[in-house]
Structures are given as structure tokens and as C-alpha cells.
Amino acid sequence: MTGERASMADAALLREKVAALAPWFHNIDLGHGIRTAPDHFLGNYPQFKYARFADALPADLTGKTVLDIGCNAGFYSVEMARRGAARVLGIDSDERYLDQARLATRTLGFAEVEFRNLSVYDVGSLGERFDLVIFMGVLYHLRHPLLALDLIRDHVAGDLMLFQTMQQGSTAPWQPIEDHPFHKPGTFDPPAFFDDPAYPRMHFIERRFAGDWTNWWAPNRACSEAMLRAAGFAIEAHPEDEVYLCRVAEVPYAQWGPAAIYPAKRS
């Protein structure tokens, strides 16, 4: 078989493999004129979104380790490997997504990228910290979002975290308030600023959002930022509406300890 015929046969086989793993949420260019989701309802996603904040990330990740939580088909895992990361691990709880990611990375020449079937709640089992944690497009699908951030901070975040979540409501920033007094002293009347649309607020979605029953939460901007700070992340950059680059910081009130939060009962 000539080289041209072999190339055509390889492309045909690749098309079959891509089709067998459909549908794809990441539209990845695999070469040979093949894209994994050419008719994606968002267009060339997530490439167009990545282009908006790519410059906020270190251009050179040589010697660095990366954990991609909720990696889907591996778009961001591949992009971090392109930047020279020494190790990239992608985790997801959907085996089809992991099969997609393995196909994409092998095809693009990044077979060293590793993928495992784990959820964000399992990150403690990894037993290591990573220089960069990617936590994109996951938080609003979780039953326990703040727990997830706590687990990432406590177990795997070594330095930077790239974070994104769907946001709804006010996009105004909010200055944290040290204490929340009652509206009237001696009463249980809530302070008036609870009704301010810019106050940190997490909208709970009981059924579906955009037809997806896994869309449980929609924080406003202030809530996203407050949750990141509460989990022990300092926001270093906000390069795109729903995207934050954070650095590991001190966990607020960590000095309280479990005994202060759950005091022992007195006999």
C-alpha cells in the first residue's frame, strides 16, 4: 500500500473511531481534516473560549505537573501537554469521555497523558499535589460544590488552579463583609443587603437548565469568588467572565479547627 493510500485508510479508520465514541462535547482537531464535533451547537468549542484566557496561564510548563478534573475529551489536557508539562493526569467519572480523551491524545501524539476514572470527590486518593489544577465546567454539575473545592485545596492543589463555572445573575463584584448583623438589634430581621442582587448568591436548579438535569447550581460572580476565597484560593486573574486563575492561599478560619466548629457536648 502506498503512503497516500495508507494515509487515506488511516483517516477512514480514525473517522470510524470518532463516530463510534459520539457524541463529543469537545470539538478537537485530530488532523486528516477530522474534527470530533464539527457541528457543535457552540461552534468551535472549547477552542474559542480557551483563546480568551490562554495568555493568563504560564506559557512554559516544563517540569510541572497538571491535574485536569472533569477532563471530558481531554482538550485542556492536550493543551497543557503542548506547553511542556512533565506530567498530565486527567480524571473523569464518565468512561466514554475517557475513551474519547485517550483516542484524542494518542492521535495527536500525546500518549503519555494519563486518564483515570475518578470523581472530584476521589482526589484525596491520588496522594499527590499538582502544580496546576484545572477545574473547568464541573462545579455547577455537583451536588456538593463547596466540598469539592475544599477537597481540591486540601489534597491536590499545589500552586495554581484554573477554575470556571456557569454563572447567572449579577456580574458585579462584592466586597466581603466581616460580620452580618441583624437589621434591627435584638431581632432576627436579616440585613437589607441580603436583597442586593450583587450579594453572593447561589441559584439552585431543581430540575433542568438548558435541558440538562445535571446543571444543579448557578452562582453569581460574587458567589463564585466568595466560594473560592472560603476554600483557600486567592484570585490572581479574572481573564474571562466565568474563568479565574487562582493560587493556593490560607484557608479562612482554619485556626478554628474541628473542635471550634463542632464543640464537644458538655455533660
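The lining of the largest pocket draws at least two residues from each of α2, β3 (65-69), β4 (87-92) and α4, where helices (H or I, at least four residues) and strands (E, at least two) are DSSP runs numbered from the N terminus. The structure is a predicted model, in which local features need pLDDT of at least 70 and side-chain atom pairs count only at pLDDT 80 or more, while totals for chains, interfaces and linings use all residues. Residues are numbered from 1 along each chain as its sequence is written, and side-chain values use heavy atoms, with hydrogens and water left out.

A pocket is taken here, on a 1 Å grid over the protein atoms alone, as an open set of points where a 1.4 Å probe fits, with protein on both sides within 12 Å along at least five of seven lines; lining residues have an atom within 4 Å of a point. The largest pocket holds about 1,300 Å³ of space, the volume being the space filled by probe spheres set on the points, which are joined across faces, edges and corners. Its lining comprises 44 residues, and those nearest the centre are Phe-25, Gly-137, Val-138, Tyr-140 and His-141. Sorted by class, 23 of the lining residues are nonpolar, ten polar and eleven charged; Ala, Val, Leu, Ile, Met, Phe, Trp, Tyr, Cys and Pro count as nonpolar, Asp, Glu, Lys and Arg as charged, and the others, Gly among them, as polar.

In soluble globular proteins, nonpolar side chains tend to be buried together. A nonpolar core is a set of buried Ala, Val, Leu, Ile, Met, Phe, Trp, Tyr and Cys residues joined through side-chain atoms within 4.5 Å, buried meaning under 20% relative accessible area, exposed over 50% and partly exposed in between (1.4 Å probe, protein chains only). The largest such core has 38 residues, with the most contacts inside it made by Tyr-50, Val-66, Met-80, Leu-132, Ile-134 and Leu-162. Two or more of the core residues come from each of α1 (3-20), α2 (47-53), α3 (75-82), α4 (95-107), β6 (130-136), β7 (157-164) and β11 (243-248), and α3 gives the most, with five. Another core lies apart from this one and has 29 residues, including Leu-89, Leu-139, Val-156 and Met-161.

Several backbone features occur in loops. A cis peptide bond with omega of about 5 degrees joins Ala-22 to Pro-23, and Pro-23 lies in the loop between α1 and β1 (29-31). The bond from Tyr-45 to Pro-46 is also cis, with omega near 10 degrees, Pro-46 being found in the loop between β2 (34-35) and α2. His-32, a residue other than glycine, has a positive phi near 55 degrees and is partly exposed, at 46% relative accessible area. Ala-210, in the loop between β8 (202-204) and β9 (217-219), likewise has a positive phi, of about 55 degrees, and counts as exposed because its relative accessibility is 76%.

The pLDDT, the predictor's confidence in each residue from 0 to 100, averages 91 over the protein, and 91% of the residues score at least 70. Over residues 259-267, however, the pLDDT is below 50, and this stretch has one contact in the model beyond near neighbours in sequence.

Conventions:
Contact means heavy atoms within 4.5 Å.
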